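Biologist: I would like to learn how to read this fold. Please give me the general idea each time, then the case at hand.

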Amino acid sequence: MLPQRPRIPVIPLLAALPCLFFVAGCQQGPGLVFTLSPLGTGGAPDRLAVTLELRGVPPGGLDLRGFAATDVMQVADLAATAQDGTAIPVEARIDTTRFDSRTLDRPRFTLRGPLPASVIVRYTVRPGTREGDAHMGFTGRSHGYLGKEFGFVIGRGVFLLPDPAESIRDIAVSFVDLPEGWTAIAPWRKDGDAWRPGVDGRFAAEHLVSAAIGLGRFRERTFSTGGTRFLLAVESGIPGDQEARHDRHDIIEDDLQPLLQRVRRILHQEAREGVREVDQRREHGNGDPAPQPSRERREQDRQVVEP
């Protein structure tokens, strides 16, 4: 049975607002170029083919990490090659973490060294996993959707990133071979035919995995509130009366308030951490770096802010 079509395919996109934060790293990671293409038969795509080109790869080896549980991010057919087509061995593993008293299994793929400076990784993901299970029942909702009408995904259900992700500064995303009439909608800066996640050169990885991405035929409109510009992309097959019910700014603002409050809390915490780091530098001397948080502390920080 196919997952139900999302009840409100209205996509609110924050033009430049990442919704989760990682602990800042010091060493810049490899540059990433993602290419996404819908796959399917009979004009009904059900998978996304992802090609990831990594540049500036560390020769000693590389881990690619997922940011959603394996029942949400269903990775298949993953293979890695050098630029000349030489196959690179890949080891698939599972990372098990705890979040809100739940156990989450997330995918991880290890590319053993020595590695060339440029590596190409190809895999597919299948959006639309139903929420729930056969034992306890299904909720009628799904994690994204991809079909003949449109596609809607969250970045964490699509993108694998090198670990540590916080060191990545250069990411580009392109959408190719879309069905006729389809376009891509994303909250990133457009750069020619590609999109560039990030805000003022920062938060590239965070902006990538937290993004809401729409594929299809959309009617677009924008409005501003609280100093933030919003883009609403409405699937063109939605009747006008349904769109009108979801086009009132006050209703949309009410829906977004929990998100905005959470972002404000995260920003406030980040500011406090920044002040604390400055104080530590003063305490240890202007020429000495502040103590860095332990690996355990960094993992705890990630668990707190990642959905």
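Biologist: Which residue stands opposite leucine 62 in S8?
Modeller: Leucine 111 in S8 stands opposite leucine 62. Before going on, note that this is a predicted model, in which local features need pLDDT of at least 70, side-chain atom pairs count only at pLDDT 80 or more, and totals for chains, interfaces and linings use all residues. Residues are numbered from 1 along each chain as its sequence is written, and side-chain values use heavy atoms, with hydrogens and water left out.

Biologist: How many helices and strands does the chain have?
Modeller: Helices (H or I, at least four residues) and strands (E, at least two) are DSSP runs, numbered from the N terminus. Here the chain has 4 helices and 21 strands.

Biologist: What is the order of strands in the open sheet that contains S4?
Modeller: Strands of a sheet pair through backbone hydrogen bonds, either parallel or antiparallel. Two strands count as paired if DSSP finds at least two bridges between them. This sheet of 4 strands is ordered S7-S8-S4-S14, with antiparallel pairing. S7 and S14 stand at the edges with a single partner strand each, so one side of each lacks a neighbour in the sheet. Strand S4 (residues 61-65) pairs with strand S8 (residues 102-112) over 5 bridges.

Biologist: Which side chain makes a polar contact with aspartate 95?
Modeller: A polar contact is a pair of N or O atoms within 3.5 Å; within protein, one must be able to donate a hydrogen and the other to accept it, and residues adjacent in sequence count only if both atoms are side-chain atoms. Aspartate 95 lies in strand S7 (residues 90-99). Its side chain joins that of arginine 108 at 2.5 Å. Contact in the wider sense means heavy atoms within 4.5 Å. Leaving aside neighbours within four places in sequence, aspartate 95 is in contact with Leu104, Asp105, Arg106 and Arg108.

Biologist: Which strands make up the open sheet that includes S13?
Modeller: That sheet of 4 strands runs S12-S13-S19-S16, again with antiparallel pairing. Strand S12 (145-146) and strand S16 (183-185) are at the edges, each with a single partner strand, so one side of each has no neighbour in the sheet. Strand S13 (residues 150-154) and strand S19 (residues 212-216) are joined by 5 bridges. Phenylalanine 150 faces glycine 216 of S19.

Biologist: Why is strand S9 described as largely enclosed?
Modeller: Buried means under 20% relative accessible area, exposed over 50%, and partly exposed in between (1.4 Å probe, protein chains only). Of the 8 residues of strand S9 (residues 118-125), 6 are buried, so the strand is largely enclosed by the rest of the structure. Strand S3 (residues 44-55) pairs with S9 in the antiparallel sense over 8 bridges. Arginine 55 has serine 118 of S9 as its bridge partner. Strand S5 (residues 75-82) also pairs with S9, antiparallel, over 6 bridges. There, alanine 79 stands opposite arginine 122.

Biologist: What lies in the turn between S20 and S21?
Modeller: S20 and S21 form a hairpin with 2 residues between them, and glycine 226 in the turn has a positive phi of about 60 degrees. Strand S20 (residues 218-225) is joined to S21 by 8 antiparallel bridges. Phenylalanine 223 is partnered with phenylalanine 230 in S21. In strand S21 (residues 228-235), 6 of the 8 residues are buried, so this strand too is largely enclosed by the rest of the structure.

Biologist: How many aromatic pairs does the structure hold?
Modeller: A pair of aromatic rings is described by the distance of the centres and the angle of the planes. Rings of Phe, Tyr and Trp (its six-membered ring) pair if their centres lie within 6.5 Å; planes under 30 degrees apart count as stacked, over 60 as edge-to-face and the rest as tilted. The structure holds 3 such pairs. The rings of phenylalanine 34 and phenylalanine 159 have centres 4.8 Å apart and planes at 70 degrees, so this pair is edge-to-face. It links distant parts of the chain: phenylalanine 34 is in strand S2 (residues 31-41), and phenylalanine 159 is in the loop between S13 and strand S14 (161-162), 125 residues apart. Ring pairs link Phe34, Phe159 and Trp188 into a cluster.

Biologist: Which residues touch the most other members of the largest nonpolar core?
Modeller: A nonpolar core is a set of buried Ala, Val, Leu, Ile, Met, Phe, Trp, Tyr and Cys residues joined through side-chain atoms within 4.5 Å. The largest has 46 residues, and Phe34, Val121, Leu161 and Trp188 touch the most other members. Phenylalanine 34 is buried, at 0% relative accessibility. Beyond four places in sequence, tryptophan 188 touches residues including Phe159, Val173, Phe175 and Trp195.
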